[in-house]
Amino acid sequence: MDFSTFLLFSATVIPLVCTPGPDILFIASQAVSAGTAAGFRATLGIILGYCVHSLLVALGLAAIVATSPMLFEAIRWVGITYLVYLAFKLVRAAMRPGGLSAPQGHVRDQLSKGFVTSLLNPKGMMVYLAILPQFMDRHQANATLQAVMLSLVFMFWCAVLYSGICIGLGRVGGTNLSEARRRLIDGAAGGMILMAAAFMALAHR
C-alpha cells in the first residue's frame, strides 16, 4: 500500500469526519458542559470505540454486519436510544435548580459514554464497512495489515479535528458556573445530543 493511497483515503474521510454527527455533537456537549479536559476524555472514548471497529474489520466480522441489514438496524437503534437517554438526563438537569457547579456525572464517565457513542455510530460503521474496503488492494495478502493502517489514518483525523473542538469549546465550560449558566449549558448540551440522535435516526432513511 503506497503513500498515495493514504492521501486519497484521507481526502475521502476528512469531509466525513468534519460533518457534524453523533461524535462531534457528543464531544461538543461535554466540552461546553464540563471543560476542555472532559472533551478530551470524550474524544479518547470515541477513538477507543473506533479501535473496536478496526478490530472487527481485521477479524472479518464486519462483513457479517454489512450483509445483515437487520443486525445493522438493530445496532443503529440501540445507539439512538442511548443518545436519547443521555439527552434526557441533561435536559432534566437543566430544568431542575441545583448546585452552582457542572454535574460531576460529566466528569466521571465521558470516556465510557464516548466509547459507546462511537461504537454505535452508523457514520463510523459505514466508514469501516463501505469506504475503507475500497482502498484495500485485494491482490495483496496482508489484508488485515491494510485494514489496520487505513483505520489508523481515520482515527488520526478524528483525533485532530475533535481535539480542536475540545480546545475551542472547552473555554466555555468549567466548574465555576452560575446557576443560570449551568442550566443553560446543560440544556444546550442535551439539545446537541438529541440532535445527534436525530441525525442517526434519519441518516439511512
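**Helices, core and surface**

Student: What span does helix α2 reach from its first C-alpha to its last?
Tutor: This is a predicted model. Helix α2 has 13 residues, and at 1.5 Å a residue the expected span is 18 Å. The distance from its first C-alpha to its last is close to that expectation, at 18 Å.

Student: How many residues of α2 are buried?
Tutor: A residue counts as buried under 20% relative accessible area. By that cut-off α2 is mostly covered, and the buried residues among its 13 number 13.

Student: Which residue follows α2, and what is its phi?
Tutor: The residue that follows α2 is Gly35. Its phi is positive, near 100°.

Student: How many helices and how many strands does the chain have?
Tutor: From the N terminus on, the elements run α-α-α-α-α-α-α-α-α. The secondary structure therefore comes to zero strands and nine helices.

Student: What percentage of the contacts with a separation of 6 or more joins residues 24 or more positions apart?
Tutor: Contact here means heavy atoms within 4.5 Å. Among contacts in the chain with a separation of 6 or more, the share from residues 24 or more positions apart is 87%.

Student: What percentage of the chain is buried?
Tutor: The chain has 205 residues. Its accessible surface comes to about 10000 Å², with 73% of that belonging to carbon and sulfur atoms. Buried residues make up a share of 44%.

Student: Which residues touch the most other members of the largest nonpolar core?
Tutor: This core has 39 residues. At least two of its residues come from each of α1 (3-18), α2 (22-34), α3 (36-59), α5 (69-95), α7 (122-131), α8 and α9 (179-202). The members that touch the most others are Phe9, Leu132, Phe154 and Tyr162.

Student: Which helix supplies the largest share of the core?
Tutor: Buried residues of α8 include Leu150, Val153, Phe154, Met155 and Tyr162. The largest share of the core, nine residues, comes from α8.

Student: Why does the distance between the end C-alpha atoms of α8 agree with its number of residues?
Tutor: Helix α8 (residues 143-170) has 28 residues, and at 1.5 Å a residue these should span 40 Å. The distance between its end C-alpha atoms agrees with this, at 39 Å.

Student: With which residues is Phe9 in contact, leaving aside its neighbours within four places in sequence?
Tutor: Phe9 is one of the core residues that touch the most other members. Leaving aside neighbours within four places in sequence, its contacts are Ile131, Leu132, Phe135, Leu150, Val153 and Phe154.

Student: Why does Ser10 count as buried, and which residues does it touch?
Tutor: Ser10 is found in helix α1. It counts as buried because its relative accessibility is 10%, under the cut-off of 20%. Not counting residues up to four places away in sequence, Ser10 touches Pro15, Val153 and Trp157.

Student: Why does Val148 count as partly exposed, and which residues does it touch?
Tutor: Val148 is found in helix α8. It is partly exposed because its relative accessible area is 30%. The C-alpha atoms of Val148 and Leu55, 93 residues apart in sequence, are 7.8 Å apart in space. Not counting residues up to four places away in sequence, Val148 touches Ser54 and Ala58.

Student: How far apart are the C-alpha atoms of Gly168 and Ala31?
Tutor: Gly168 is found in helix α8, and at 47% relative accessibility it counts as partly exposed. Along the chain, Gly168 and Ala31 are 137 residues apart, whereas their C-alpha atoms are separated by 8.7 Å.

Student: Which residue follows α3, and what is its phi?
Tutor: Helix α3 has 24 residues and reaches 35 Å from its first C-alpha to its last, close to the expected 34 Å. Its buried residues include Ala38, Gly45, Tyr50 and Val57. The residue following α3 is Gly60, with a positive phi near 85°.

Student: Which residues form a nonpolar patch on the surface?
Tutor: Leu111, found in helix α6 (residues 104-119), counts as partly exposed at 36% relative accessibility. The patch has about 240 Å² of accessible area together, and its residues are Leu44, Leu48 and Leu111.

Notes. Residues are numbered from 1 along each chain as its sequence is written. This is a predicted model: local features need pLDDT of at least 70, side-chain atom pairs count only at pLDDT 80 or more; totals for chains, interfaces and linings use all residues. Side-chain values use heavy atoms; hydrogens and water are left out. Patches are made of residues with over 30% relative accessible area and no salt bridge: like charges are joined within 9 Å, nonpolar side chains (Val, Leu, Ile, Met, Phe, Trp, Tyr) within 5 Å. Accessible areas come from the Shrake-Rupley method with a 1.4 Å probe; for residues, only the protein chains shown count as cover. A salt bridge is a side-chain nitrogen of Lys or Arg within 4 Å of a carboxyl oxygen of Asp or Glu. Helices (H or I, at least four residues) and strands (E, at least two) are DSSP runs, numbered from the N terminus. Buried means under 20% relative accessible area, exposed over 50%, partly exposed in between (1.4 Å probe, protein chains only). The expected span of a helix is 1.5 Å times one less than its number of residues. A nonpolar core is a set of buried Ala, Val, Leu, Ile, Met, Phe, Trp, Tyr and Cys residues joined through side-chain atoms within 4.5 Å.
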